[in-house]
Amino acid sequence: MKLRRMKIINDCIYETIISSYGPDKKPNAAPFGVIFKNSKIFHIFFYKGSITLSNLVFSKCGVVNITHDIELFYRTAFEDYDDFDVKRPLFQKAEYINAPLIASADFNLEFIVDEIKEENFKTLMVCRIVKIKKNTDAEVQPYTRGFFAALESIIHSTRIKHFFKEGNNAEAEKLIRLIVHYREVARRVSPDSIYVKIIEKLMKRFNTWGRASASKN
Ligand SMILES: Cc1cc2nc3c(=O)[nH]c(=O)nc-3n(C[C@H](O)[C@H](O)[C@H](O)COP(=O)(O)O)c2cc1C
């Protein structure tokens, strides 16, 4: 079993939606970050108090749903499942484990919980994938904030270059502060990744552009 057709970087946080049953068999779904350690094992860090955490402690199994549907993130974060009617139900029963899956997701990763540990006020779950259901022929890259941080930084850098050229250092510095923030985000969610490397490369360019601008004025 392989995470084929998914471009995964190990140790990078990917934003997904986890579905699970409660003790009363009520299906639940909410967004959570998952960190792949290899092709079978991934980690989830839970803050206290979510329904998903107590469901998984109880049932020891669930489904990671990989999607780019932003409405699905919004609705599941705030339990607004109302718009999913009977003709287009949100949940289906998973194949191998006792959990619901989201049929409209690109991938459903059915998993069991191998280990639960308490770490710095958070609960770490070590999970093992037991079945992968692929609902698309496309190659899918699960969403990571590292990608977003790098792309935003590239976009801002094109403006920074322009502002330095015009001698508008104040505007350039404003955007550089945003990029410093994006570098922190990328380092936290995707350490040592291509995303961090790209942002660091951009930041080296700012010094060159800044010096060129200073020598003109
Ligand atoms: C994109 C995204 C990622 C999230 N990742 C986590 C996470 O990794 N750990 C966590 O405890 N909460 C995370 N949350 C917050 C939970 O989704 C939120 O607390 C949710 O209301 C829990 O719902 P539940 O009580 O139905 O499980 C995340 C939220 C979003 C929008």
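Predicted model: local features only at pLDDT ≥ 70, side-chain atom pairs only at ≥ 80, totals over all residues.
**Entry 1**

**Entry 2: the overall layout**

I looked up the elements and found 5 helices and 8 strands in the protein chain. Reading from the N terminus, I get β-β-β-α-β-α-β-β-β-β-α-α-α. The chain splits into domain 1, residues 13-134, and domain 2, residues 145-216. I checked how far apart their C-alpha centres sit, and it is 35 Å. The C-alpha trace spans about 70 × 40 × 35 Å along its principal axes.

**Entry 3: around the ligand**

How many residues surround the ligand? I got 15, and the closest are Ala30, Pro31, Ser50, Ile51 and Thr52. Next I looked up where the shell comes from: β2 (27-36), β3 (41-46), α1 (51-59) and α2 (70-77) each give at least two residues. Which of them supplies the largest share? That is β2, with 5 residues. Sorted by class, the shell has 9 nonpolar, 4 polar and 2 charged residues.

**Entry 4: α3 against α4**

Helix α3 covers residues 145-166 and helix α4 covers 169-189; they pack at about 165°, with axes 9 Å apart. That angle makes α3 roughly antiparallel to α4, because anything over 145 degrees counts that way. The crossing of α3 past α4 is left-handed. On the α3 side, the contact includes Arg145, Ala149, Glu152, His156, Ile160 and Phe163. On the α4 side I noted, among others, Asn169, Leu175, Ile179, Tyr182 and Val189. The contact residues divide into 14 nonpolar, 4 polar and 4 charged.

**Entry 5: α4 against α5**

Helix α5 runs over residues 194-216, and its axis comes within 10 Å of the α4 axis, crossing at roughly 160°. So α4 and α5 are roughly antiparallel to each other too. I looked up the handedness and found that α4 passes α5 in a left-handed crossing. Asn169, Ile176, Ile179, Tyr182, Arg183, Ala186 and Arg187 of α4 meet Tyr195, Val196, Ile199, Leu202, Met203, Phe206 and Ser213 of α5. By class I have 10 nonpolar, 2 polar and 2 charged residues in this contact.

**Entry 6: α3 against α5**

One pair left to write up. Are α3 and α5 roughly parallel or roughly antiparallel? Their axes are 9 Å apart and the angle is about 10°. The two helices are therefore roughly parallel, since angles under 35 degrees count as that. From α3, the contact includes Phe147, Ile154, Ser157, Lys161 and Phe164. From α5, I picked out Ile198, Arg205, Trp209, Gly210 and Ala212, among others.

**Entry 7: quick recap**

α3 is roughly antiparallel to α4, α4 is roughly antiparallel to α5, and α3 is roughly parallel to α5.

Notes:
Residues numbered from 1 in each chain as written. Domains from an automatic or database assignment. Near = placed C-beta within 6 Å. Helix = DSSP H or I, 4+ residues; strand = E, 2+ residues; numbered from the N terminus. Nonpolar A, V, L, I, M, F, W, Y, C, P; charged D, E, K, R; others polar. Axes fitted to C-alpha atoms, helices over the stretch in contact; angles between N-to-C directions. Parallel < 35°, antiparallel > 145°, perpendicular 65-115°, else oblique. Left-handed = near helix turned anticlockwise from the far one by under 90°. Contact = placed C-beta atoms within 7 Å.
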